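Please keep the sequence and the structure in view while reading.

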Amino acid sequence: MSSACTVASVTACPVGRGFVPGTKKFDDASCNDCGAGQYSSTNDATACKPYSIAACPAGQGFVPGSETGSSKKDASCADCAKGRSASRTGQVVCDDCVASKYQDETARHACKQCNYHCGDGKEHRGCGARKND
């Protein structure tokens with residue numbers, strides 16, 4: 001039985017795959033695809049990392065990291081667009097404003113109530129359901 005060391009055949013993994021070291025006795029290092037909730041954005045000998053975002057603040061929705069193709073990216077949070085809101089911390093998606101409510105700003109935790117009380121000489125043009133007037 002030989003105790004001579006051998007050079008590892010796998011020393012780095014491409015983006016999107018994590019390095020799994022071998023044992024001391026065998027050259028069995030490998031590269032494995034990163035699983036759901038993990039990413040690897042470098043070409044080196046590092047393991048897949050878990051997403052660094054656990055929950056987004058109110059007014060933002062969760063954007064999962066890319067888990068397919070050659071580019072694996074960490075998760076992030078994104079501001080809710082006009083016409084949408086996220087009322088709770090940790091909310092995954094921004095909700096559309098319902099009828100009779102609107103939102104004309106980004107990154108908001110609530111939609112605004114439409115004001116249908118028109119003054120003299122003005123008429124109601126509609127509001128809500130993702131309209132931003």
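## Disulfides in the model

A disulfide is a pair of cysteine sulfur atoms within 2.5 Å. The model examined here is a predicted one. It holds five disulfides, among them the link that joins Cys97 to Cys111, with a distance of 2.1 Å from S to S.

## The link of Cys97 and Cys111

The torsion about the S-S bond of Cys97 and Cys111 is -85°, and this link is left-handed. Cys97 belongs to the loop between strand 8 and strand 9 (101-102), while Cys111 belongs to the loop between strand 9 and strand 10 (112-113); the pair therefore ties together parts that are 14 residues apart in sequence. Cys97 and Cys111 are both buried.

Val98 also lies in the loop between strand 8 and strand 9. Is Val98 buried or exposed? Its relative accessibility is 52%, and exposed means over 50%, so Val98 counts as exposed.

## The link of Cys80 and Cys94

A disulfide also joins Cys80 to Cys94, with an S to S distance of 2.1 Å. Because the torsion about the S-S bond of Cys80 and Cys94 is about -85°, this disulfide is left-handed. The pair links distant parts of the chain: Cys80 is in the loop between strand 6 (76-79) and strand 7 (84-85), and Cys94 is in the loop between strand 7 and strand 8 (95-96), 14 residues apart. Both Cys80 and Cys94 are buried.

## The link of Cys13 and Cys31

Cys13 is joined to Cys31 by a disulfide with an S to S distance of 2.0 Å. The torsion about the S-S bond of Cys13 and Cys31 is about -95°, so this disulfide is left-handed. Distant parts of the chain are linked by this pair: Cys13 is in the segment before strand 1 (17-20) and Cys31 is in strand 2 (residues 30-33), 18 residues apart. Cys13 is buried, and Cys31 is buried as well.

Gln60 is placed in strand 5. Its relative accessible area is 19%, and buried means under 20%, so Gln60 is classed as buried.

When residues up to four places away in sequence are not counted, Gln60 touches Cys77, Ala78, Asp79, Cys80, Ala86, Gln91 and Cys94. Two residues in this list, Cys80 and Cys94, are joined by a disulfide.

## The aromatic pair

A pair of aromatic rings is described by the distance of the centres and the angle of the planes. The structure holds one aromatic pair. Tyr51 and Phe62 form this pair, which is tilted, with 6.4 Å from centre to centre and 55° between the planes. Tyr51 lies in the loop between strand 4 (49-50) and strand 5 (60-63), and Phe62 lies in strand 5, so the pair ties together parts that are eleven residues apart in sequence.

Tyr51 is buried, with a relative accessible area of 15%. Phe62, with a relative accessible area of 25%, is partly exposed.

Technical notes
Residues are numbered from 1 along each chain as its sequence is written. This is a predicted model: local features need pLDDT of at least 70, side-chain atom pairs count only at pLDDT 80 or more; totals for chains, interfaces and linings use all residues. Side-chain values use heavy atoms; hydrogens and water are left out. Helices (H or I, at least four residues) and strands (E, at least two) are DSSP runs, numbered from the N terminus. Buried means under 20% relative accessible area, exposed over 50%, partly exposed in between (1.4 Å probe, protein chains only). Rings of Phe, Tyr and Trp (its six-membered ring) pair if their centres lie within 6.5 Å; planes under 30 degrees apart count as stacked, over 60 as edge-to-face and the rest as tilted. Contact means heavy atoms within 4.5 Å.
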